[in-house]
Amino acid sequence: MKLICGPMATISHPAFRVLIEKFGGCDEYFTEMINAGTLLAGGHFEKFYINPAPVPEKIVWQLTGHDADSMVEAARRLADLPGLGIDINMGCSAPDIYKYGAGIAWMLKDRQETQQMVRGVRSVVPAGKRLSVKLRLGDDNFTDAGFFDFCDMLVGEGVELLTLHPRTKKEKLIRPPRYEYCQRLAERYKGRVPVYLNGNVKDKASYDFAVSACPDVSGVMISRAAVQKPWIFLSLSGLTRQSITIDMLSLALDYIQNIQLYQPPEFWKTRLQRFFTYYAQNFKFSHYAQTQFLNAKDIPDLENRLNDFFEKCPEERDYFFR
């Protein structure tokens, strides 16, 4: 069973991959969404989005956009970069993405428009590079027939991998994912197109439950839980049989250093705030930790706050897992 690190805005960048790799890494890393229009316009920050470090061979470039022409041309450029291939985002249901005509909007547009876009992207992804789609079930009024017909269209147009987050456009994370659709999709394309499961896997128990419910999926994608616990892939891989101690202060300081190495100064604050929102959840006094870290005015202040937190709560510094 493959383990995949999912695409997350402000998180899925080289500094985060360096952190995951310190714990043995995972099989694939999906990048945060790369906007087709901005990439083609030569945006000042695009070079940071398309940096494949530190493991170019494991990268999947996730592409988003609202029109077929820009999606095709952006895919052509991304196909020249190292990596496993290109993933079309049809799953993001954030209002600003959906209203822009991107993300899950591609599942809800006229079928012919979406089909032509996929066909165009497929035509510029060369042999040896994979074309995949990450999607949801559709709108709240989706039907089984409509969903599976849509997936059949994708496969018919040459999509080689499907990642399903089995919720509808409006369903929030508090609603249990409908894993049965991942299994049905895997059964439908067994031996032809692999299916990855995405949603609610956060530890060994939830992983085992998901895999038990979907024995025919080829991989499990983990996102938010990997930010909180960058060692989660190691813990699920079965490669370790002994307890491991993690110095949480050193982990945080190393991450801050890598953010400065791989991200522009304009991104430092938002990237660090997003990471430390999840990082703080590891601690007994998580609310206090989160408040302290997110209120830092700059990097030196954040480093001071980290040192102060562990001086006040020394029992939180060493994290044990097996």
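Is the crossing of helix 13 and helix 14 left-handed or right-handed? I looked it up in the model, which is a predicted one.

**Entry 1: helix 13 and helix 14**

I found the crossing of helix 13 and helix 14 to be right-handed. Helix 13 covers residues 248-262, and helix 14 covers residues 265-279. I noted an angle of about 155 degrees between them, with the axes 10 Å apart. Angles over 145 degrees count as roughly antiparallel, so I put helix 13 and helix 14 down as roughly antiparallel to each other.

Next I listed the residues that meet. Helix 13 brings M248, L249, L251, A252, Y255, I256, I259 and Q260. Helix 14 answers with W268, R271, L272, F275, F276 and Y279. I sorted this contact by class: twelve residues are nonpolar, one is polar and one is charged.

**Entry 2: helix 4 and helix 7**

I then turned to helix 4, residues 68-78, and helix 7, residues 111-124. They pack at an angle of about 20 degrees, and their axes lie 8 Å apart. The cut-off for roughly parallel is under 35 degrees, so helix 4 is roughly parallel to helix 7. I recorded the crossing of helix 4 past helix 7 as right-handed.

Which residues make the contact? From helix 4 I wrote down A68, M71, V72, A75 and R76. From helix 7 I wrote down M117, G120, V121 and V124. By class, I have seven nonpolar residues, one polar and one charged in the contact of helix 4 with helix 7.

Terms used: Residues numbered from 1 in each chain as written. Predicted model: local features only at pLDDT ≥ 70, side-chain atom pairs only at ≥ 80, totals over all residues. Heavy atoms only, no water. Axes fitted to C-alpha atoms, helices over the stretch in contact; angles between N-to-C directions. Helix = DSSP H or I, 4+ residues; strand = E, 2+ residues; numbered from the N terminus. Parallel < 35°, antiparallel > 145°, perpendicular 65-115°, else oblique. Left-handed = near helix turned anticlockwise from the far one by under 90°. Contact = heavy atoms within 4.5 Å. Nonpolar A, V, L, I, M, F, W, Y, C, P; charged D, E, K, R; others polar.
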